[in-house]
Every structure is written in C-alpha cells, then in structure tokens.
Amino acid sequence: MKAIVIFIASLVFMYADFLFAEISPVTISGLEVYFVPRLLLMYILLISIYISPSMSAFTGIVFGIMLDVYIGSVYGVHTFGIAAFVAFMHTAFRVFYRDVVAMAFVILLLTFVYESYIFLIYRVLDLVSLPVFDYLALRAAPSLLLNALLFIIIFVTALKTSKVRNNLQSKH
Amino acid sequence: MNRLFNRNKMLIILFGIIVLILLIGFSMTDRDSTTKAEQFTADAAAGTQSVIGAPLNIITNIFSSISQSFNAVSENEDLREQLDMLPQMEEDIERLEAENEELREALDVSSKREYESINARVISRSPDQWLDSFTIDKGTSDGVEEDMAVMTSEGLIGTVNRANGGSSYIEMITTNTSQDNLSVEITHDGSPVYGTISHFDNERNLLVIENIKNRSEIEEGDDVFTSGLAGDFPEGIIIGTVAEVENDEYGLSQNAYVQLAGNADDVDSVFVLQRDPESMEE
C-alpha cells in the first residue's frame with residue numbers, strides 16, 4: 001500500500017514540476033528569471049529518511065529513467081543524479097541529528113547542488129554557455145527560494161506517506 | 001566489514017559513473033530510429049500524465065476561458081476584418097494551385113515544397129528548461145517520424161528527435177546538437193544563396209549560418225528558408241531573417257547571423273511537416 005502511495009505521489013510531483021515550466025521563465029526588468037522546482041527530488045530525498053533508503057533509491061531510478069526518456073536530451077543525467085543524491089543524503093544525514101531545520105537545510109542544499117550538477121554536465125557537453133554568475137543569479141537563487149516555499153508541501157506529504165500502512169490487512 | 005562495505009560503495013559509484021558516460025555517449029550519437037524500450041517508457045509517461053493532468057486541465061481551461069472572454073469582443077472585430085479578405089484569397093490560392101499542378105504535370109516533376117502538416121499540442125517540457133526542448137502529443141501512430149521538421153505558425157523551430165507511439169520528443173533548432181548541418185536558402189533580391197546552419201549563438205540569441213559563397217551580396221533583412229536539398233525537410237519553410245553578415249575567419253566564405261522567426265520560449269501548439277515522399281526519392 002505504501003509503495004503505491006509513494007508511486008502516485010511521485011507521479012503527481014513529477015507532473016507538478018512540468019507544470020512550472022509553463023510559467024517559468026518570468027521576465028523581471030528585462031531579465032529572464034528561471035524558477036526550477038524540484039518537488040520530485042525533494043520528495044524522494046525525504047522518503048530516504050522517513051521510509052527507507054532502498055525504497056527511495058528504487059523510486060529515484062524508476063522516475064530518473066522516466067524523466068530521461070520522456071523529457072531529456074542527454075540520457076542518464078537524472079537516473080544517475082537522483083540515485084547518487086539519495087546515497088549522498090543517506091550518508092550526509094547520518095552526521096545530523098534528526099531535526100527538521102537541519103534536514104530542510106540539507107535537502108534545499110541538495111536541490112541547489114543537483115541544479116548545479118545538471119548545469120555542469122551541460123556545460124561540459126557544450127549544450128549551454130551561460131556564465132556561472134548569471135546561472136547563480138538568474139537560476140540557482142530564485143529556484144532555491146521557490147523550493148524553500150514548496151518544501152513545506154513536500155514535507156507534509158512525506159510525513160503522511162510514512163504513516164500509511166504497509167499492508168491493508170495489518171490491523172490484525 | 002565496514003571497509004568492505006565502503007569498497008563496495010566505491011565500486012557501485014564507479015560503475016554508475018561509467019554507465020552515465022556510456023548513456024551520454026549513446027544519447028549524443030546520431031540515430032535515425034527510436035528503440036522500442038524508449039518508446040514504451042515515454043508512452044507510459046505520456047499516458048499517466050494525461051490521466052493525472054485531466055482534472056488540472058479542466059481547471060486551467062475554465063480560468064483561461066474566463067480571462068480570454070474579456071478580450072473576446074475586440075479580438076472578434078479584428079478577426080472579422082481579416083475575414084473579409086479571405087474568400088478572395090482562397091479563390092486566388094485555388095487558382096494558383098491548379099495552375100501549379102498543371103505546369104508540374106507538364107514538366108513531370110514532384111515538388112520539394114509539398115508537405116502535409118500534422119497538428120500537435122505541447123504536453124510537457126523539462127522543468128529546468130536548459131534546452132527548451134519539449135514533448136508533443138503525436139507519435140508514429142499519427143505519421144510522425146524522426147528528423148521531421150517542426151514549425152509554429154511563425155516559422156521553423158526544431159526537429160523530431162525521438163518518435164514514440166503516441167508522443168514525440170522535439171529538439172529545438174537552438175540546441176546545438178540538433179541542426180546537423182541543415183542546408184538553408186537565403187533569398188536576396190529574388191535569387192537564392194545557399195549555406196548551412198553551423199550553431200546557435202547563445203550569447204547573441206542568433207543562429208549562425210556558414211559556407212555562404214563570397215560576394216553573394218546578402219544583407220540585413222533578407223529572408224532565410226529551408227532549402228530542401230538535404231534531409232527530410234521540405235523546401236521553403238521560413239527560418240528567420242538575416243541580422244548581420246560577416247566574412248569567416250579565413251575570408252573564404254561568409255557567415256550570416258539569423259534572427260529566428262519562431263519564438264522558442266512560448267510554444268503551445270506546433271505543426272510537424274511530412275514531406276512528400278515522391279520528392280525525397282529523387
């Protein structure tokens with residue numbers, strides 16, 4: 001049951017990510033500012049804490065493949081990225097005590113690092129040529145702000161998911 | 001035990017990096033077909049999206065129809081004015097088409113300009129929007145194939161990169177991997193000058209066309225079209241207008257910087273162009 005809820009919630013967050021592409025970029029005083037949501041990534045990272053790292057890694061790989069094949073020009077970027085970030089989250093979070101502020105900080109930091117990782121790969125492949133400062137000002141910072149706001153929704157959903165019973169008959 | 005676990009983890013990471021590099025290599029190679037596995041995965045994603053997106057679409061449609069109704073009256077008047085000229089234009093087109101057909105039959109040639117268009121709607125785009133690429137709701141079952149030209153009502157914007165059963169992935173002409181030395185025709189004073197697309201200059205937002213013969217006298221404002229000489233693209237699809245012309249670094253040919261006619265940032269519906277198969281056999 002829990003697996004089904006995780007799968008459906010991940011699907012909804014994946015498409016919610018796509019929906020943001022309809023309103024972004026926003027033109028502010030002649031500059032195009034990109035808001036890139038990472039709802040799916042944040043949800044998968046939270047699953048690794050509240051449910052299990054293996055479930056999180058599995059969901060990450062499945063949705064990574066879907067993202068790569070459905071909307072990606074370069075295969076492997078999301079599949080490898082999400083799986084690696086789940087592993088990193090699992091390793092990094094062992095250092096912190098399980099309190100919400102530290103966890104929110106780690107997750108938001110990881111969304112920023114994930115965005116930078118994709119930027120780095122595209123820069124190496126010569127697919128984009130945005131200067132690093134422009135990237136930080138027009139993409140990374142606004143995206144971080146947006147993700148900080150959206151984190152609350154994801155956090156509540158992940159908490160609710162963790163309370164779903166594994167099995168429908170587990171009452172007895 | 002702990003050391004063994006760490007060594008295993010290192011091996012997994014190394015293996016992952018190797019797989020990533022192989023996958024990047026695979027996706028960057030020139031392929032003219034989409035594998036069944038890719039088609040299945042992309043169609044599954046598109047199918048679930050349409051199920052999940054249905055309630056969201058209903059809400060968005062209600063809001064957009066409310067906002068559109070405010071401008072409806074003035075828009076209606078403008079369109080009515082444009083419609084007054086339509087019957088005459090339709091008559092002219094019919095007459096010219098018939099005349100064209102007769103002349104072509106007399107010469108026994110098929111036109112590279114002939115194509116059928118498949119209307120498609122953009123269903124999703126990558127949230128990070130690094131490459132402006134997107135997915136449309138038409139696939140091989142509707143006649144879409146890899147490397148077909150994709151345009152908006154304004155002009156050419158991209159090519160079909162992967163055609164799945166019920167959806168297709170479109171790569172924009174602004175993405176530097178997609179152009180593949182596409183041949184173009186620049187019209188100067190009614191005479192054509194040929195060149196090939198080199199790359200998209202991201203800093204200046206202009207498309208660079210190279211291998212234009214010297215002393216071609218092309219100048220700012222000349223229109224740029226597809227030439228139909230190579231690939232599956234029909235002839236005469238507008239790409240944009242020349243914004244600047246300069247000699248190449250060796251002075252052997254000229255380069256032109258072209259302002260694209262189609263707006264890559266704001267695409268909702270597109271046409272996939274299916275070139276007349278007869279003209280491709282020649």
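Which residue is the bridge partner of B:Val224 in strand 10 of chain B? I looked it up, and the partner is B:Gly240. One caution before going on: this is a predicted model.

**Entry: around strand 10 of chain B**

Strand 9 of chain B, residues 223–226, pairs with strand 10, residues 238–247, in the antiparallel sense over three bridges. On to strand 11 of chain B, residues 253–260: seven bridges join strand 10 to strand 11, and these two run antiparallel as well. I noted one position here, B:Val242, which stands opposite B:Val258 in strand 11 of chain B. Strands 10 and 11 of chain B form a hairpin with five residues between them. In its turn I found B:Gly251, with a positive phi of about 75°.

**Entry: the barrel in chain B**

Next I traced a closed barrel of six strands in chain B, in the order 1-2-5-4-3-12, with antiparallel pairing. Neighbouring strands of this sheet are turned by 45° against each other on average, direction ignored. I picked out one pair: strand 4 (residues 156–163) and strand 5 (residues 168–172) of chain B, which are antiparallel over five bridges. There B:Gly158 stands opposite B:Met172 in strand 5 of chain B. A reminder to myself: strands of a sheet pair through backbone hydrogen bonds, either parallel or antiparallel.

**Entry: chain B as a whole**

I stepped back and counted elements, finding four helices and 12 strands in chain B. The C-alpha atoms of chain B fill a box of roughly 85 × 60 × 40 Å along the principal axes. Of the 282 residues in chain B, 29% are buried. I also checked contacts in chain B with a separation of 6 or more: residues 24 or more positions apart account for 60% of them.

**Entry: two helices of chain A**

How do helix 1 and helix 2 of chain A run relative to each other, roughly parallel or roughly antiparallel? Their axes come within 8 Å and cross at roughly 150°. Angles over 145 degrees count as roughly antiparallel, so that is how helix 1 and helix 2 of chain A run.

**Entry: the cores**

Which residues touch the most other members of the largest nonpolar core? They are A:Tyr43, A:Leu45 and A:Phe85, in a core of 45 residues. The elements giving two or more residues to this core include helix 1 and helix 6 (132–163) of chain A, and also helix 2 (36–84) of chain B. Its largest share, nine residues, comes from helix 2 of chain A. Leaving aside neighbours within four places in sequence, A:Phe85 is in contact with A:Leu41, A:Leu45, A:Leu110 and A:Tyr114. Apart from this core lies another, of 41 residues, with B:Ile197, B:Leu207, B:Val267 and B:Val270 among them.

**Entry: where the chains touch**

Last, I looked at the contact between the chains: 30 residues of chain A meet 31 residues of chain B. On the chain A side, helices 1, 3, 4 and 5 each supply at least two residues. The largest share of that side, seven residues, comes from helix 1 of chain A. By class, the chain A side divides into 23 nonpolar, five polar and two charged residues.

Notes:
Residues are numbered from 1 along each chain as its sequence is written. Chains are lettered from A and ligands numbered from 1 in the order in which they are written. This is a predicted model: local features need pLDDT of at least 70, side-chain atom pairs count only at pLDDT 80 or more; totals for chains, interfaces and linings use all residues. Two strands pair if DSSP finds at least two bridges between them. Axes are lines fitted to C-alpha atoms, for helices over the stretch in contact, and angles run from 0 to 180 degrees between N-to-C directions. Two residues are in contact if their C-beta atoms, placed from the backbone, lie within 7 Å. Ala, Val, Leu, Ile, Met, Phe, Trp, Tyr, Cys and Pro count as nonpolar, Asp, Glu, Lys and Arg as charged, and the others, Gly among them, as polar. A residue is buried if 20 or more other C-beta atoms lie within 10 Å of its own, exposed if 12 or fewer, and partly exposed in between; C-beta atoms are placed from the backbone. A nonpolar core is a set of buried Ala, Val, Leu, Ile, Met, Phe, Trp, Tyr and Cys residues joined through C-beta atoms within 7 Å. Angles under 35 degrees count as roughly parallel, over 145 as roughly antiparallel, 65 to 115 as roughly perpendicular and the rest as oblique.
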